[in-house]
Amino acid sequence: MLRVGLTGGIGSGKSAVAARLVEQGAVLIDADRVAREVVAPGTEGLAEIVAAFSGRVLTADGELDRAALGAVVFADETARRRLEAITHPRVRARTAELVAAAPPDAIVVSDVPLLVEVGLAPTYHLVLVVQTAVPTRLARLERDRGMDRAEAERRIAAQADDVRRRAAADVVLTNDGSREDLHAAVDTIWRQRLVPYERNLRERRVVPPCRVDPAETDPSWPEQYARLAARIRHALAPADLRVDHIGSTAVPGLVADDVIDVQVAVPNLAEADGLLADRLANAGFPRVPGQWWDDPRPAGSGRWEKRLHGGADPARPVRVHLRAADSPGWRYALLMRDHLCADPGQRAAYLLLKRELVDSAPAVSGPGTARDPWFDEEYLRAEQWAAQTNWRP
């Protein structure tokens, strides 16, 4: 099943997005509803809250007075964190039960207001953030929930800001227009991304990156890599393996094909063929059926063995290279990246080479540059630079 994390600031219209996804066929898990369930009268969760904040947070009927509790915790970060320590583990446990009960081909959308704040983004295959201008959110909170302006501002300030949410987002849905505009955007994401992603994930199908003319750089590549790396680390836990951004998108200012290359250092390739391969596939990175691309390597080095995984997400091409730690291929990928980062002249030469190859063979798929003699020469330059600078991986 595909697990989607849905979040957005209070008043952003996240519930409207969740409702539309349900209409399309998603299985919804509402974290707020689960949060109410785990602190219902008679639960251990409610008893612990009363012990922490006294009976003043209860109604006359013995239920949790959420307004009274909110007035306490939203003005006091220490109190808020204390409350989160009580409720969040219980919410996660109940959520896991609901996910396990969903059909195996389901698209499960978890509506989690504090998804970013509590660091849950890496646990989902995809994170969808609803973003709305703060003045619009304030107006909605006053109009729809009866909050006064000061309380609404406190609630917004207590949550992550838009910059932090965007950093965690694979998809940003802007909700400053009409309800019809929002529905159209949700429907497009459902049809073009979520449905094929779920099918690819279930069938362990890799989406091959398309070769394009490397015309410009994308400053968001490091941020995209960070999201992928966090998911990979979460998937491979408890193994604590080194994960690196490699390839052209790891070199600031270098234009490249829009594919993120990630290198995972494994103790040996036998481990990469076993449990780690299944964990990666379940996280959205299936094993590539056959070696699509040889490693770029200096002449005469022979075949540098690795295991290659790709991405099941149709909108984010990725290659995950599993190489033995300290192996020649592992070291080579890091050395080439770091040397190009350090030498603007060689970045310019590399860019020129790539454009010449694209112009001469525009229909060729795959990187194409790996067998060019320039790489042999660049490898020698990089080794000289490593010796001069005492570079280490």
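**Entry 1: Pro 238 and Ala 237**

I looked up Pro 238 and found it in the loop between helix H10 (221-236) and strand S6 (243-246). The model is a predicted one, and I keep that in mind for every entry. I then checked the peptide bond that leads from Ala 237 to Pro 238: the bond is cis, and its omega is near 10°. Ala 237 also sits in the loop between H10 and S6. Is Ala 237 buried, partly exposed or exposed? Its relative accessibility is 40%, so I noted Ala 237 as partly exposed. I also took one distance: the C-alpha atoms of Ala 237 and Arg 227 are separated by 16 Å, and these residues are 10 apart along the chain.

**Entry 2**

Next I looked at one pair of strands. S8 and strand S9 (residues 318-324) run antiparallel and are joined by 4 bridges. I picked out Arg 307, which stands opposite Leu 322 in S9.

I moved to another sheet. It is open, has 5 strands in the order S2-S3-S1-S4-S5, and its pairing is parallel. Here the edge strands are S2 and S5, each pairing on one side only. The twist from one strand to the next averages 25°.

I wrote down a reminder on how strands are held together: the strands of a sheet pair through backbone hydrogen bonds, either parallel or antiparallel. S2 and S3 pair in the parallel sense, over 4 bridges. What is the bridge partner of Ile 29 in S3? I found Ser 110 there.

**Entry 3: helix H1 and what covers it**

I listed the buried residues of helix H1 (residues 14-24): Lys 14, Ala 16, Val 17, Ala 18, Arg 20 and Leu 21. Then I asked what covers the buried residues of H1. The cover includes strand S1 (2-8), strand S2 (27-30), strand S3 (107-111), strand S4 (126-131), strand S5 (171-174) and helix H9 (179-203). After H1 comes Gly 25, with a positive phi near 125°.

**Entry 4: H1 against H9**

Before reading the values I noted that two packed helices are described by the angle between their axes and the distance between the axes. The axes of H1 and H9 come within 10 Å and cross at roughly 50°. The two helices, H1 and H9, are therefore oblique to each other. Their crossing is right-handed.

Which residues of H1 and H9 meet? From H1 I noted Ala 16, Val 17, Arg 20, Leu 21 and Gln 24. From H9 I noted Arg 179, Leu 182, His 183, Val 186, Asp 187, Trp 190 and Leu 194. The residues of this contact divide into 7 nonpolar, 2 polar and 3 charged.

I looked at Ser 54, a residue other than glycine with a positive phi, near 80°. Ser 54 is in the loop between helix H3 (44-53) and helix H4 (66-73). Its relative accessible area is 33%, so Ser 54 is partly exposed.

Asn 390 likewise has a positive phi, near 60°, and is not a glycine. I found Asn 390 in the segment after helix H15 (373-389). Is Asn 390 buried or exposed? At 53% relative accessibility, Asn 390 counts as exposed, because the cut-off for exposed is over 50%.

**Entry 5: Glu 84**

Glu 84 has 14% relative accessibility and so counts as buried, since buried means under 20%. Leaving aside neighbours within four places in sequence, Glu 84 is in contact with Pro 89 and Leu 114.

Methods. Residues are numbered from 1 along each chain as its sequence is written. This is a predicted model: local features need pLDDT of at least 70, side-chain atom pairs count only at pLDDT 80 or more; totals for chains, interfaces and linings use all residues. Side-chain values use heavy atoms; hydrogens and water are left out. Buried means under 20% relative accessible area, exposed over 50%, partly exposed in between (1.4 Å probe, protein chains only). Contact means heavy atoms within 4.5 Å. Two strands pair if DSSP finds at least two bridges between them. Axes are lines fitted to C-alpha atoms, for helices over the stretch in contact, and angles run from 0 to 180 degrees between N-to-C directions. Angles under 35 degrees count as roughly parallel, over 145 as roughly antiparallel, 65 to 115 as roughly perpendicular and the rest as oblique. A crossing is left-handed if the near helix is turned anticlockwise from the far one by less than a right angle, and right-handed if clockwise. Ala, Val, Leu, Ile, Met, Phe, Trp, Tyr, Cys and Pro count as nonpolar, Asp, Glu, Lys and Arg as charged, and the others, Gly among them, as polar.
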